[in-house]
Amino acid sequence: MMHDLIYRPRRLRQSPIHRRLVQETTLSVNDLIYPLFVCPGHAVKTEIPSMPGQYRLSIDQLVEECRRTRDLG
């Protein structure tokens, strides 16, 4: 009768599919997306009110932002 108290079903570990579904979530730099929003014009950097810290950038500003992002790795 004692073994009934120790019984621990492991049905979530029975197949690789189930193991992948319940495994710990991992996140790496390769999983991230850096959003960039483009607008017409020259030397334009306009903040997007509904997205603090995000800007609409003209092409010249966008190129500079891409260089800074690349340098960060």
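Here are some notes on the structure above, point by point.

1. **Ground rules.** This is a predicted model, in which local features need pLDDT of at least 70 and side-chain atom pairs count only at pLDDT 80 or more, while totals for chains, interfaces and linings use all residues. Residues are numbered from 1 along each chain as its sequence is written, and side-chain values use heavy atoms, with hydrogens and water left out.

2. Three strands make an open sheet with mixed pairing, in the order 1-3-2. Strand 1 and strand 2 are the edge strands, each pairing on one side only. Strands here are DSSP runs (E, at least two residues), helices are DSSP runs too (H or I, at least four residues), and both are numbered from the N terminus. Two strands pair if DSSP finds at least two bridges between them. Strand 2 and strand 3 run antiparallel and are joined by three bridges. In this part of the sheet, E47 sits opposite Y55 of strand 3.

3. Look for Q54 in the loop between strand 2 and strand 3 (55-57). Its relative accessible area is 19%, so Q54 is buried. For the cut-offs, buried means under 20% relative accessible area, exposed means over 50%, and partly exposed is in between (1.4 Å probe, protein chains only). Setting aside neighbours within four places in sequence, Q54 is in contact with P35, F37, T46, E47 and I48. Contact here means heavy atoms within 4.5 Å.

4. Most residues other than glycine have a negative phi. A43 is not a glycine, yet its phi is positive, near 60 degrees. You'll find A43 in the loop between strand 1 (37-38) and strand 2 (45-47). A43 counts as exposed because its relative accessibility is 51%.

5. **Helix 3, end to end.** G73 follows helix 3 and has a positive phi, near 95 degrees.

6. **Salt bridges.** How many salt bridges does a search of the whole structure find? The count is three, where a salt bridge is a side-chain nitrogen of Lys or Arg within 4 Å of a carboxyl oxygen of Asp or Glu. One of them joins E64 to R67, with the closest N and O atoms 2.7 Å apart. Because they are three residues apart in helix 3, E64 and R67 are separated by about one helical turn. Both count as partly exposed, E64 at 34% relative accessibility and R67 at 42%.

7. **The other two bridges.** E65 and R68 also meet through their side chains, at 2.7 Å from N to O, and these two lie three residues apart in helix 3, about one turn. E65 is buried at 13% relative accessible area, whereas R68 is partly exposed at 44%. D71 pairs with R70, the closest N and O atoms being 3.4 Å apart. Both D71 and R70 are exposed.

8. **A nonpolar patch.** I17, L21 and V22 form a nonpolar surface patch with about 320 Å² of accessible area together. Patches take residues with over 30% relative accessible area and no salt bridge, joining like charges within 9 Å and nonpolar side chains (Val, Leu, Ile, Met, Phe, Trp, Tyr) within 5 Å. Areas come from the Shrake-Rupley method with a 1.4 Å probe, and for residues only the protein chains shown count as cover. L21 is in helix 2 (residues 16-22) and counts as exposed at 66% relative accessibility.
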